[in-house]
Amino acid sequence: MVRDRFNVSANTGSTLGSIAATGYGLTALCIGDKRGFVAAGEARKRALAALQFLWRKLPHHRGFFYHWADINTGERLWDSEVSSIDTALLLCGILTCRAHFQHSEISELAHNIFNRVEWTWLSEDTPLLPHGWTPELGFLPYKWDDYSELMMMYLLGLGSQTHPLRVETWNAWKRTTFEYDGLRYIGSFAPLFVHQYSQAWFDFRGKSDRYGDYFQNSVIATEVHRRFCLELASQFPDYGEDLWGITASDSVNGYVVWGGPPFTGPIDGTVVPSASAGSLPFAPQPAMRVLHNIRNKYPAAWSRYGFVNAFNPLKRWFDTDVVGIDTGITLVMAENVRSGFVWETFMKNPEAQRGMKQAGFVAKP
């Protein structure tokens with residue numbers, strides 16, 4: 001498993017593992033193998049060990065995994081929930097490994113782990129999927145009902161052969177239209193990452209469903225966020241064309257869910273590198289301008305694992321941690337904008353193709 005976070009200053013990390021970060025980590029192994037960042041055969045060996053652990057040892061309920069687990073034992077930590085979205089992030093990494101490595105045992109394990117997931121249990125009495133379940137309390141009261149990173153989860157469920165979601169689930173969640181500075185897009189009251197995560201793996205380019213083109217929607221949402229940050233420069237003079245990007249992250253006061261528009265959270269001038277990096281395919285030149293600037297001007301924001309999670313030039317604060325999912329979206333989207341490798345690899349999976357077909361996606365003329 002991949003740790004939820006790691007202190008790059010002290011070079012230490014806890015045993016708290018994240019199944020979502022593990023999904024990104026498995027995808028990273030494929031990128032590392034493809035580009036020669038990992039020794040030949042080593043990436044495949046590590047991917048195989050991870051899948052064996054997930055299949056044989058990591059506790060699950062009806063195929064869904066607990067959000068947090070001990071990286072060594074798989075033991076559930078923090079009384080965490082069986083998480084629908086974090087299991088989906090993990091499954092995306094698993095399917096990427098299956099398509100890339102073309103290895104018989106990896107393929108079999110990936111097939112078994114995916115087919116064990118009982119999407120029909122999750123949606124037994126509702127077309128809207130709950131956030132999770134705990135053995136102590138049952139289903140959590142919150143539902144995935146607004147546009148967000150939920151797309152990957154519904155598409156995976158629609159693509160299942162063993163426990164498929166009903167097509168109506170794709171149409172059940174809300175697609176609220178927002179407008180900012182004359183630009184209209186589907187969004188929600190949430191940080192920028194909601195426009196990124198599903199598209200780390202699912203390739204929406206040149207496709208649309210009955211509601212629209214989600215790739216172009218993320219292009220517009222990224223531009224809106226950039227303009228939003230530039231507007232905030234009157235309050236936070238560090239923001240500008242060379243430095244923008246706010247999404248859920250660490251801060252000088254702890255972890256904060258912030259972003260916009262609309263203005264969300266106690267924004268204080270903090271910059272989150274994964275906000276622009278995660279949008280690289282949607283705004284290549286503006287995002288690279290920011291990332292080059294951070295790399296060149298703020299050396300304390302760089303570590304052996306890339307950018308630290310966040311920093312605040314106004315307060316002269318630099319995070320000591322990297323966070324798995326934010327480092328993950330940075331790596332995956334960097335490779336997608338450079339080569340399209342993750343999109344092309346993941347979309348070879350019949351589950352991904354079937355899910356998009358069931359949801360009504362067609363190529364745009």
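Tutor: Let us start with charges and rings: a charge sits over a ring if NZ of Lys or CZ of Arg is within 6 Å of the ring centre and within 35 degrees of the ring normal. Keep in mind that this is a predicted model, where local features need pLDDT of at least 70, side-chain atom pairs count only at pLDDT 80 or more, and totals for chains, interfaces and linings use all residues. Residues are numbered from 1 along each chain as its sequence is written, and side-chain values use heavy atoms, with hydrogens and water left out.

Student: Over the face of which residue does Arg175 lie, at 5.4 Å from the ring centre?

Tutor: That residue is Trp170. The charged end of Arg175 also sits over the ring of Trp173, 3.4 Å from its centre.

Student: How do I read a pair of aromatic rings?

Tutor: A pair of aromatic rings is described by the distance of the centres and the angle of the planes. Here, rings of Phe, Tyr and Trp (its six-membered ring) pair if their centres lie within 6.5 Å; planes under 30 degrees apart count as stacked, over 60 as edge-to-face and the rest as tilted. A search of the whole structure finds 30 aromatic pairs. In one of them, the ring centres of Phe64 and Trp119 are 5.3 Å apart and the planes meet at 85°, so this pair is edge-to-face.

Student: Where do Phe64 and Trp119 lie?

Tutor: Helices (H or I, at least four residues) and strands (E, at least two) are DSSP runs, numbered from the N terminus. Phe64 is in strand E5 and Trp119 in helix H5 (residues 119-122), so their pair ties together parts that are 55 residues apart in sequence.

Student: Are Phe64 and Trp119 buried or exposed?

Tutor: Buried means under 20% relative accessible area, exposed over 50%, and partly exposed in between (1.4 Å probe, protein chains only). Both Phe64 and Trp119 are buried. For another pair, take Phe311 and Phe318: their ring centres are 5.5 Å apart with planes at 0°, so they are stacked. Phe311 is buried at a relative accessible area of 0%, whereas Phe318 is partly exposed at 25%. Ring pairs can also join up, as they do in a cluster that links Tyr147, Trp170, Trp173, Phe202, Phe204, Tyr214, Phe346 and Phe361.

Student: What should I look for in the interior?

Tutor: In soluble globular proteins, nonpolar side chains tend to be buried together. A nonpolar core is a set of buried Ala, Val, Leu, Ile, Met, Phe, Trp, Tyr and Cys residues joined through side-chain atoms within 4.5 Å. The largest one here has 81 residues, of which Tyr154, Leu156, Trp170 and Phe202 touch the most other members. Ten residues, the largest share of this core, come from H3. A second, separate core of 33 residues includes Leu232, Ala301, Phe311 and Trp317.

Student: Which residues does Tyr154 touch?

Tutor: Contact means heavy atoms within 4.5 Å. Not counting residues up to four places away in sequence, Tyr154 touches Pro127, Leu128, Leu129, Trp144, Leu165, Thr169, Trp170 and Trp173.

Student: How do I check for disulfides?

Tutor: A disulfide is a covalent bond between the sulfur atoms of two cysteines. The test used here is a pair of cysteine sulfur atoms within 2.5 Å. A search of the whole structure finds zero disulfides. The cysteine sulfur closest to that of Cys30 is in Cys97, 3.8 Å away, which is too far for a bond. Cys30 is buried, with a relative accessible area of 0%, and Cys97 also counts as buried at 0%.

Student: What about the backbone?

Tutor: Most residues other than glycine have a negative phi, and most peptide bonds are trans. In this model, the peptide bond from Gly260 to Pro261 is cis, with omega near -5°. Another cis peptide bond joins Pro261 and Pro262, with omega about -10°. Pro261 lies in the loop between H8 and helix H9 (273-277).

Student: Which phi does Trp78 have?

Tutor: Trp78 has a positive phi of about 60° although it is not a glycine. Trp78 lies in the loop between strand E6 (68-70) and strand E7 (82-83), and it is exposed, with a relative accessible area of 64%. Asp181, likewise not a glycine, has a positive phi of about 55°. Asp181 is in the loop between strand E10 (176-180) and strand E11 (183-187) and counts as exposed at 54% relative accessibility.
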